[in-house]
Amino acid sequence: MIFLKVRFPNELVEVFSLEQNATGDCLPLFRAKRSRTSPSQPLITIATQTLAIQNNPRSSPQKGDFFPNSILTNFAPEMELELTRVDYTNVGLTGPNSLQLLPPSASTASTSGGGHKQQQKVAIGDQDGVLQLFSMKKDELQVHFKTLPSEKIASVKLGGQAGSVADKIFTASENKVRGFNKKGKLFLAFETSLTETIRSMCVSGSDLLVCGNHVYNHYRDCKEVGSYLCGDVIVDVAALCPNNTSRLITVLACSGRVLRVLEHARVRQTLELESVPTVLYVPKGIGDRILCGFSDGSVILFHLNLLSTEVKREVLVADREGEGILSAVTCLATYDLSGDGKEELIVGRRDGTLQVFAMNSDEYQFEMECTQIYRDNFSESISAVQGGCVGATNYTEIVVCTYSGRIFGLTTQCISKSLGDNGSRSAEKLAGTPVDTSAKLQRIRAEIYELEQTIAKERERYQLSTQALSSGLSAIPMLPINDAFLLSKDDATYLLSLEIPTPIEHVLLQCDAPITLLDVEKNTAVVSFSECDKLSGNSLLASYRCQLNTNRIDLKFRTIEGQTGTLQVYITPNLQPKCCQLKRYPIAPLSLHMIVHNATDEMLARPMNTLTLRGPFSQAEMHNWMINSIPELPEKLYESGKVAYTFRHVFIGTLLVCEYGKGEATFRSDNISTISILKDFITKEATKKRIKLEISTSINESTIPSLIKLIEPMILHYNKLTKDYQLAQALLDLDIRDDDEFNTLSEEYRSLIRNQQTIGTEFRKQPTILNRIYGILTDLYIDKFKFKGVNVKTKLPQLIELLENYSYDELVQFYSVVKAGDEELGDG
């Protein structure tokens, strides 16, 4: 067996796969795209992927062989971008949109000539309220200005007059917007009329767009020209400026899985989404296209037709087979890193992953092929990314800012890992010239000495403040926790991400609702479970002991609908004196339902069960009960009269249609269990407030066959998968050693042995999925007869047996009939 490596001028090509024809020649099997590398700036190489072929010394190409350029068209290697990390500085904790690169000054660009990348300045704002501007010169950090600590900076944006260079820095803190020039002079201090804290901001010429959690305000020349009140939480805001027009189109990303397109502060269009949007990004110079990142890890390009309501969308980044579920997107950027005139897409994620994709299309046309050319993980969530030139002239790079405040660059310059570069990254070493490393070593020693002195002074000050005669207290301030609690619609599980600025020692979980913890592939923490005393009310007690220097941890768990409670998470940092912080996450009764904006007529035409509630309750009280029972419902209600929402069960696909107003609420669902859970929960909440409810239910018998038909493909698939897995394991135990023994097996068994790895992988991904399906169908059976006052729990073993030997007709018949002798009056 040999591995082939084929070299071309200025490029490295790795051959994926070759096979030999009858003459012994090696034929390439894949068609290729040529690397976009220029001889003067070799940035992109081919991914190292090789495959062994049959060793034939006479005819097979050997390692290091050269091939003519014509053969390159027959290969399809993936391109890779080679980047080197260079650390710049540390700041306080940061959030999204906290970093910007100022454009190079016009004077510098003109004196250096066209076509050269000039070094840029970096503006960064942190949660301590400090804004600073720095640049690099001969590997030395130069701080141009730094403000005093103030209110937490929520957003940093660049702006300038229309048609001019955007070199003014704008920051948003609480409800104030400040403007600084590149010398640090404050030229704008504007207090907005927002009653909420500013969460996101956008600056476009003389237009200022600011958003709180629910309020959007539009200012022009610091005068309010429009506002909009949103029921959902506004996650991000962006502005589109169509070319050659004075129009300004605002796009709001909302937590209710929608993008709202506004013009003149009025909703022009609402775009329904499959996932919760997390970040918006408008490529420079493009007036009708916008990129959106999502909590499920995908990135979608939207093309808005500004003359009509037509919207085209294309998925640029999505889950790829073998990579697992992607982490949420936290930041996006585009920049031409390779110098070929085409911008690359840069994606930063919550789990610390940074990816770069080559977009093989000009001006963001559709049917683009996005090819991943770089991927790395930096162990903490990425707050912001920008493409530019910071460390050295003529070398492009990605400037990255992490949650804890680390600022570093990923440069295309090949930097020697030794100290022997004469103290300068950009200096070229002449052959035979002796290298003096003493100056650089001296500088590093001086920095270490200063740090040691600072630590000693702080330790001494702390000791004095905690002595008996001192009035100071030994206490640790509340640590900010960067957390996210999301429902994954792909596998109907919840993902909880926790991150703090200091290393985590351990995390304790306590829950009074039955939840099942699942393994997370990237999680290195050691988990241990404790037995729960039934009298204590706990259903789960577990602890995660983290590895050294772990700042973030991902937890994944599965809930059961109908079981409500609170997940309490105790996070203990590795600090002295010992302390922990508590975070609470409610588990809703209908925890596996997500909001649907585009329910089709066909979906709504399904047979439905109905629950009607009447009583002396207000619309606000009913909305509050609904918020506590179903996730993803808008926090605030601004509409008058009846409101209507549609939800879908992410696992089995059943619907729930809610309509409610003052004194009356109607709920329709094709799942009896959903109606039963809602009835029990709302009745309990109304009883707490001593509100009398008039309850009426209408159970449609035809919903049972409809629901079973909906789940049938899953039952058949996972029943077969379970049996195939068990058979494959048994066949492997036969220890078949040669082809003769293998050929004695039936074709079905031979196929199972061939595919046993694929079957095993799929089965291990969801080992309990069949039990979940059985659980849903047994709950359906119990709930159906509960409405009739009949207890059928003694018949559940028969139901399980029927499910294991599935037959649609027999199962429907079983749900329809209960023998008189088996009926027992239930207590509800």
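How many of the 828 residues of the protein chain count as buried? The share is 48%. The model shown in these views is predicted.

**Figure 1. The protein chain as a whole.** The chain holds 12 helices and 49 strands. Of its 828 residues, 48% count as buried. Contacts between residues at least 6 apart in sequence were also sorted by separation: 58% of them join residues at least 24 apart.

**Figure 2. Arg257 sits in a loop between two strands.** The strands on either side are β21 (249–254) and β22 (258–263). Is Arg257 buried or exposed? Arg257 is buried, because its relative accessible area is 3%, below the 20% limit for that class. Its side chain makes a polar contact of 2.4 Å with the side chain of Glu632. Glu632 is also listed among the residues that Arg257 touches, once residues up to four places away in sequence are set aside. That list includes the run Leu271, Glu272, Leu273, Glu274, Ser275, Val276 and Pro277. Lys489, Met594, Ile595 and His597 are touched as well.

Figure 3. β14 covers residues 176–180, and β15 covers residues 186–191. The two strands run antiparallel and are joined by five bridges. Five residues lie between the strands. In this turn, Gly184 has a positive phi of about 95°.

**Figure 4. Strands β16 to β19 make an open sheet.** The sheet has four strands, in the order β16-β17-β18-β19, with antiparallel pairing. Which strands form the edges? They are β16 (200–204) and β19 (223–229), each pairing on one side only. Neighbouring strands are turned against each other by 15° on average, direction ignored. Within the sheet, β17 (residues 207–211) pairs with β18 (residues 215–220) over five bridges, in the antiparallel sense. Val210 has Asn217 as its bridge partner in β18.

**Figure 5. Val347 lies in strand β29.** The strand spans residues 344–349. Val347 is buried, because its relative accessible area is 0%, where the class requires under 20%. How far from Ser298 is Val347 in space, C-alpha to C-alpha? The distance is 9.9 Å, for two residues 49 apart in sequence.

**Figure 6. A second open sheet runs from β35 to β38.** Its four strands follow the order β35-β36-β41-β38, and the pairing is antiparallel. The edges are β35 (482–488) and β38 (516–518), each of which pairs on one side only. From one strand to the next, the twist averages 25°. Seven bridges join β35 to β36 (residues 493–499). These two strands run antiparallel. Asn482 stands opposite Glu499 in β36.

Figure 7. β37 covers residues 504–511. With β42 (residues 565–573) it runs antiparallel, joined by seven bridges. Gln510 stands opposite Gln568 in β42. With β40 (residues 540–545), β37 again runs antiparallel, here over six bridges. Leu508 has Ser543 as its bridge partner in β40.

**Figure 8. Helices α4 and α5 cross.** Two packed helices are described by the angle between their axes and the distance between the axes. For α4 (residues 619–629) and α5 (residues 672–688), the axes come within 11 Å and cross at roughly 130°. That angle makes α4 oblique to α5. The crossing is right-handed. Which residues of α4 meet α5? They are Met622, Trp625, Met626, Asn628 and Ser629. On the α5 side, the residues are Leu678, Phe681, Ile682, Glu685 and Ala686.

Methods: Residues numbered from 1 in each chain as written. Predicted model: local features only at pLDDT ≥ 70, side-chain atom pairs only at ≥ 80, totals over all residues. Heavy atoms only, no water. Buried < 20%, exposed > 50% of the residue type's maximum accessible area, 1.4 Å probe, protein only. Polar contact = N/O pair within 3.5 Å; in protein donor to acceptor, adjacent residues only side chain to side chain. Contact = heavy atoms within 4.5 Å. Pairing = 2+ DSSP bridges. Axes fitted to C-alpha atoms, helices over the stretch in contact; angles between N-to-C directions. Parallel < 35°, antiparallel > 145°, perpendicular 65-115°, else oblique. Left-handed = near helix turned anticlockwise from the far one by under 90°.
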